Amino acid sequence: MISPADLLHPTPAGLYCPPGDFYIDPVRAVDRAVITHGHADHARAGHGSVLATPETIAIMASRYGEDFTGTRQPLKYNDDVSHRGVQISFAPAGHVLGSAQVVVQHQGLTIVCTGDYKRREDPTCPPFEIVPCHIFISEATFGLPVFQHPHTRDEIAKLLVSVERNPDRAHLVGAYSLGKAQRIIALLRLMGYDAPIYIHGAMQKLCDLYKEFGVELGELKPATIREKGRAGGDKQDFAGKIIVCPPSAMNDKWSQRFPSPVSCFASGWMRVRQRAKQRGVELPLIISDHADWEELTTTIREVNPEELWVTHGREEALVRWAELEGLRAKPLSLVGYEDENE
Amino acid sequence: MNRFAALLDQLVLTPSRNGKLRLLTDYFAEVPDPERGWAVAAITRDLEIKSFKPAMLREMIYERMDAQLFDLSYDYVGDLAETVSLVWPGQHGANYQPGLSEVVDTLATAKRAEAPKLVEGWLNALDPSGRWALIKLITGGLRIGVASRLVKQALAAFGDKPIQEIEELWHGLEPPYTELFAWLEGTTDKPVNAMKAPFRPVMLAHPVEEKDKERIDLAEHIAEWKWDGIRVQAVSDSGIKRLYSRTGDDISGAFPDILAAMTFDAAIDGELLVFDPETDGFQVRPFNDLQQRLNRKTVTKKLLASHPAFIRAYDLLWVEGKDLRALTYVERRQRLERLFADTQPERLDLSEQVSVSDWAHLTKLRAEPPLAAIEGLMLKKRVAPYVPGRPKGEWWKWKREPFLVDVVLMYAQRGHGKRSSFYSDYTFGVWRSGEDGDELVPVGKAYSGFTDEELKRIDKFVRDNTVDRFGPVRAVTMGPDDGLVLEVAFEGLNRSTRHKSGVAMRFPRISRLRWDKPAKEADRIEMLEGMLA
Ligand SMILES: [Zn+2]
Ligand SMILES: [Zn+2]
């Protein structure tokens, strides 16, 4: 059998497969890229060819323009392709629309690279699937025992209660534009919230794209206040309403147009009180698109690989945990992935 | 516990003062006695639980999880209570919620050996927020950005009473403050402060800023020296004698020499200082000497002889049953002088009134005070009544310029609370000659003085220039040609045997970042030694 490090190993450009001559989520422009999902730090423009799920390809085209790559190779979940004798397939990762684990098989060796993943409820994408493998490469964004995210629906309920209690205030929900925003909206709908939801202009395109792929988001309206000669609502029209915007817009002047806004931030980082305080968040919503500690460790136990490789995030603790479990593990120390945008 | 936890969570995340006041008054209205009183005591930190210590918490958690995983978590979160509350393995099915009073009562009667078991049971049943609140409650480490004055303000607002009345009563009250709440809710009369020789909230001064000068008419003010001691209140009331710090802590035990000299029936506001026993009159010794007498419960004969204390009296608040605080400063001062003439107390003298002609004269006095123990000047309005707190435009303080020194950053540690994700606690040093040429010797630590922007830049410097790690501490590059030079401002220098350098700074803070200055041009220890008297 081929040795694992000969099939995949870290390089400055990203995780590289020598026999297949491709990179997974490369951080620099390369000839052949396999992309796990559309987040900017994993999916960059300028590669010679991109192999990804049709959803991820559509997301990349919408973000970077139609010429984001030389050749597009869409591959559906559970289909497979062979390249120079290396077989590649995708399994759902449950992270965002189109997110996939990359399953690489060659000469009897199977390596699964999760990209980013979670195990919690997400109406916008199929749930994570367990794929048996020899080597499991797990992300570790929330790889510390302090990260135990509460039930997602309880967090959404917190938002709904606050909206009801503060009919005079606008609720500004900061959420990452790809994935988190649509997930929050879809969950609000599932929990019976059917009023229009207002979205920041930067989210329009991606929300439209999600709708094209059949995700139910209900009635969305632009969060614009009427100015002279332009369309939009009056300031007071936003009282008691939910507005979803990118986290960066929350502390912007933009947010001050709304009636005494309650700043809410939907992120796994909100688990740590002082993080919430630092960002001036009044209503933290602990909702994450990454696996928390419990999900990480449960998933690794379920997959039960021969060896665990840990990438971006808090590798040290997860490697220590594996050691205590008697599982061989090492950090990959890949650079170029960010976790602050969760 | 959940209602209390929710209150704390909201207090942490609500930035506005009015928002915090509303959260507190809502809580007082909703929650019954004695629960709300214990909450008040927890927030004002007037609650002490003797049977439980933070060290027990660490032991309990190490029994439950891998020490390395816990340490990594703690390093990330930066707050012990929060870390434990998040990693504690809760028990499914354990859903009994203890109330504050139950926790306080149970622990008050528990032996030390029993406490961990009790706490464990509660931690198992609570959710992370509840656990955090419980730990903060029982370890007394509640720093949530709510000053005890704000709580008193909320109590005042809740009962629609002036805050002074609450402050005055405060030191005679005990948690859970049921009589206070009864009065605030109008069901009983105002509690009588049964305590003899009570503390009276002190009046404080505003710092003089450039723009204030034109508004301050010097003819309407009297100037006094601002002494480098600690502000105290000496109260003697029908034989009961007490010495209070300016926050109302009773420090009588450490000052029998002062107590013996309180041969009057009065409440005197003044500065506590130490004098030189070898010379006549009260020759004030440096603050360092006073420091030897502070923070102890009792005092030895030897120390009483070598470091005798006295009070330089500023004001008279109460005398023989009469409250003088509504009188003007000039009137109170006359009464004070008369009291001194009548009783001639040993170990007390009158603060000298300095005559000043104009700002130029005042500037000169501030720059060149006659004694090193003077740290500036006070300006008191002749007609000002004695008002607790910091009333606008009545008293001013004009402190001398701080001392400055250029130092080199040596170690950095992750901050706590709001700054837990930044390296914000800095140890810095100056040069001295060592066996192998010049070396840095640490002379102090600073946690403040920088802007958020500067903090980010220092944090980045620390991360990019780490050469070694010891737990949460990072050592950074420091040599003659690389290293970060900081300009540090400080209020004074003491001799210290606890510090390798032999000196200890008072109130050091970072005044400027000297990215421009090569590390070898930072100051040397000789410069600091030269400042020691
Ligand atoms: Zn990622
Ligand atoms: Zn991602």
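## Zinc ion (ligand 2)

Along the chain, the donors of the zinc ion (ligand 2) follow the spacing H-x1-H-x55-H-x20-D. In this predicted model, the ion is coordinated at 2.2 Å by His37(A) through NE2, His39(A) through ND1, His95(A) through NE2 and Asp116(A) through OD. Donors are N, O and S atoms within 2.8 Å of the metal (3.2 Å for Na, K and Ca); water is not among the atoms, so sites may look incomplete.

The four donor atoms subtend angles of 88 to 167°, which makes the arrangement irregular. Four donors count as tetrahedral if all angles lie between 85 and 135 degrees; four count as square planar and six as octahedral if opposite donors are over 155 degrees apart and all others between 65 and 115; anything else is irregular. His37(A) lies in the loop between β4 (32-34) and β5 (47-52) of chain A, and Asp116(A) in the loop between β10 (109-113) and β11 (135-140) of chain A, so the pair ties together parts that are 79 residues apart in sequence. Helices (H or I, at least four residues) and strands (E, at least two) are DSSP runs, numbered from the N terminus. Both His37(A) and Asp116(A) are buried (under 20% relative accessible area, with exposed over 50% and partly exposed in between; 1.4 Å probe, protein chains only).

## Zinc ion (ligand 1)

Asp116(A) bridges the zinc ion (ligand 1) and the zinc ion (ligand 2), which lie 3.9 Å apart. The protein donors of the zinc ion (ligand 1) are His42(A) (NE2), two entries for Asp116(A) (OD) and His312(A) (NE2), at 2.2 to 2.5 Å. Angles of 55 to 126° between the four donor atoms make this arrangement irregular.

The donor residues of the zinc ion (ligand 1) are spaced H-x73-D-x195-H in sequence. His42(A), in the loop between β4 and β5 of chain A, and His312(A), in strand β18 (residues 307-313) of chain A, link parts of the chain 270 residues apart. His42(A) and His312(A) are both buried.

## Helix packing

Two packed helices are described by the angle between their axes and the distance between the axes. Axes are lines fitted to C-alpha atoms, for helices over the stretch in contact, and angles run from 0 to 180 degrees between N-to-C directions. In chain A, helix α3 (residues 152-165) and helix α4 (residues 180-190) pack at an angle of about 80°, with their axes 10 Å apart. That makes α3(A) roughly perpendicular to α4(A) (65 to 115 degrees; under 35 is roughly parallel, over 145 roughly antiparallel and the rest oblique). Among the residues that meet are Ile156(A) and Leu160(A) of α3(A) and Ile184(A) and Leu187(A) of α4(A), where contact means heavy atoms within 4.5 Å.

In chain B, the axes of helix α8 (residues 115-125) and helix α9 (residues 128-139) come within 9 Å and cross at roughly 155°. That makes α8(B) roughly antiparallel to α9(B). Val119(B), Trp122(B) and Leu123(B) of α8(B) make the contact with Arg131(B), Leu134(B), Ile135(B) and Ile138(B) of α9(B).

## Buried elements of chain B

Helix α6 (residues 80-87) of chain B is mostly covered, with eight of its eight residues buried. These buried residues pack against α7 (273-278) of chain A together with α4 (54-64), α5 (67-77) and α9 of chain B.

Pro508(B), in the loop between β19 (503-506) and β20 (509-514) of chain B, is buried, with a relative accessible area of 19%. Its C-alpha atom is separated by 7.0 Å from that of Lys445(B), 63 residues apart along the chain.

## Conventions

Local features need pLDDT of at least 70 and side-chain atom pairs count only at pLDDT 80 or more, while totals for chains, interfaces and linings use all residues; side-chain values use heavy atoms, leaving out hydrogens and water. Residues are numbered from 1 along each chain as its sequence is written, with chains lettered from A and ligands numbered from 1 in the order in which they are written.
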